[in-house]
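Keep the structure open as you read.

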Amino acid sequence: MKRFGVALLSTLVLTSAFANLVGAQSGDIKVIINGVTQQYTQSPVVSQNTTLVPLRGVFESLGAQVEWDSKAKKVTASKNDDTLTLNIGSKLAYKNSKPVQLDAATQIQKGQVLVPLRFVSQSLGAKVNWDQTTRTVTISNQSSGSATDTNSLSSKPLAAPVTKVTYDTYYNDSLTYEDAVKLAIADSTSVKTGEVSIDQAGKILKETGKNIDFVPAEAGYEGQDKAYKGYAQTNLNYEATKKNLEMTKESIEYNVKDLYNKLLQKQNAVKLAALNIEDAERKLKVVQIKRDNQMSSDYEVTQATNQLTQNQAALDKAKKDLDSAYVSLNQLIGYKPEQRYELKDKPVYSEFKDNVETKVSQVLTSSTAIWLSEQKVDLAELSLKLYNFSTPGNTPYEAEQLNVEKAQYATEGTKRQLEEAVRTIYNNIKALESQYSQIQAGLVSARSAADMAKKQFDVGLATELQVYEANLKVTTAEQQAEDIVSSIDTLKLAFNKPWAMQGSAGASAQ
């Protein structure tokens, strides 16, 4: 029995050491407030031997209300009779109008204001501890008599936990979809080149038209026929240049829509990844308590620890994907790679009622690509009509006839591609709508289950973990629904202008 106790103690020590090692190697600083591990999109950092923590996440967890003045770059926090003000980039804060010297200047990273850790105790009177070994900040403003016993599995009449994560609180500015499109068009070298090309083609057309006295009905004077064919080609070039510029702008419009909505989805991914970490931490705590009471094994603790490590890796990846999404949109709209902003336009679900056959007809008559192909057919037919058999060295007449056929086949191929694109996009939208309906049906059950878990928790029949997991299912489904709505929103634009989607890859490279 004694040996078993020693072995168990050794296992506990090794498990604890492993957990500490995982935390230390992750590089991130962990923040625990009143016994709850916090999740932030911007982790605390150490700068010039000073630990900086996210202001809103910490202050709100301690019961303070926080407001942000984007124009003045000023933060105001209040709790009870205390009011705190800080200016970004300043080492001076104010508590009830009295100056407080900070260890380091406040700063913004990834949309969150960071303040020196010591300022938390200076301003709100909270107890703050920094563990260098585990890189953990522990903050508490609970009295010893009222502190929650986090090692207890019993159900208590406490406030039910909710799935909430502090996310992108502060921004240098905000961005609407419409403004993003304007910025992208203004920054596009393709648009600028297209505008110059229109001016150039117009000047050439004007000069070429000086030599045209009449429009020939059939082959006649070779010189005049050649001049007219040249004019017809120049006119087509001019009109095509205008159409191409229009299509370039439509492609940019689609590409902005695509990247804007993908950025919204990446933000959701970070939120869910952070919530999944808290879920894993809660499960690990439960299984550790069970193990200590001989209700579970060390293997189960190890499995729970591994799951937590996997979830931490998933959050790291989600953050990197979010940064990449910002960089992609920033590159398109001419922003600096590191710039962050709030997305103001969030798509709202509405049933897609467009008729696919009607849209096919509309696309085939309004497509720029089809117009260009049809103009090439007309030009080939003009060359055939003005063919002069007496001119030596001319391309054989039969070859000119084949040029007409080739142009007609090209036009037919373009029509088929666009028609197929419209039908494919329509089917994809309908498939996403079906998924959305399924999620909404599941949400009804999930919300009902979460509400029941909350009621059971209030009367001591459910644990905090059960309530959290019920809420997490609701939040996960809601985020999935939002992601689907974003995808549908992008496809709706492609449905109306499928040629814009086809040309977006080239536009985005500009």
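Axes are lines fitted to C-alpha atoms, for helices over the stretch in contact, and angles run from 0 to 180 degrees between N-to-C directions. The model is predicted.

Q: At roughly what angle do the axes of helix H9 and helix H10 cross?
A: H9 covers residues 368-385 and H10 covers residues 397-458. Their axes come within 9 Å. They cross at roughly 170°.

Q: Which term describes how H9 and H10 run relative to each other?
A: The crossing angle is roughly 170°. Angles over 145 degrees count as roughly antiparallel. H9 and H10 are therefore roughly antiparallel.

Q: How many nonpolar residues does the contact of H9 with H10 have?
A: On H9, the contact residues include Ile370, Val377 and Leu384. On H10, they include Val404, Ala407 and Leu418. By class, the contact has seven polar residues, five charged and 10 nonpolar.

Q: Which strands are the edge strands of the open sheet?
A: Four strands form this sheet, in the order E3-E4-E11-E10, with antiparallel pairing. An edge strand pairs on one side only. The edges are E3 (45-47) and E10 (107-109).

Q: Which residue in E11 is the bridge partner of Ile108?
A: E10 and E11 (residues 112-116) pair in the antiparallel sense over three bridges. In E11, the partner of Ile108 is Val113.

Q: What distance does helix H7 reach from its first C-alpha to its last?
A: H7 spans residues 298-333, which is 36 residues. At 1.5 Å a residue, 52 Å is expected. The model comes close to that, with 53 Å.

How values were computed: Residues numbered from 1 in each chain as written. Predicted model: local features only at pLDDT ≥ 70, side-chain atom pairs only at ≥ 80, totals over all residues. Heavy atoms only, no water. Helix = DSSP H or I, 4+ residues; strand = E, 2+ residues; numbered from the N terminus. Parallel < 35°, antiparallel > 145°, perpendicular 65-115°, else oblique. Contact = heavy atoms within 4.5 Å. Nonpolar A, V, L, I, M, F, W, Y, C, P; charged D, E, K, R; others polar. Pairing = 2+ DSSP bridges. Expected span 1.5 Å × (residues − 1).
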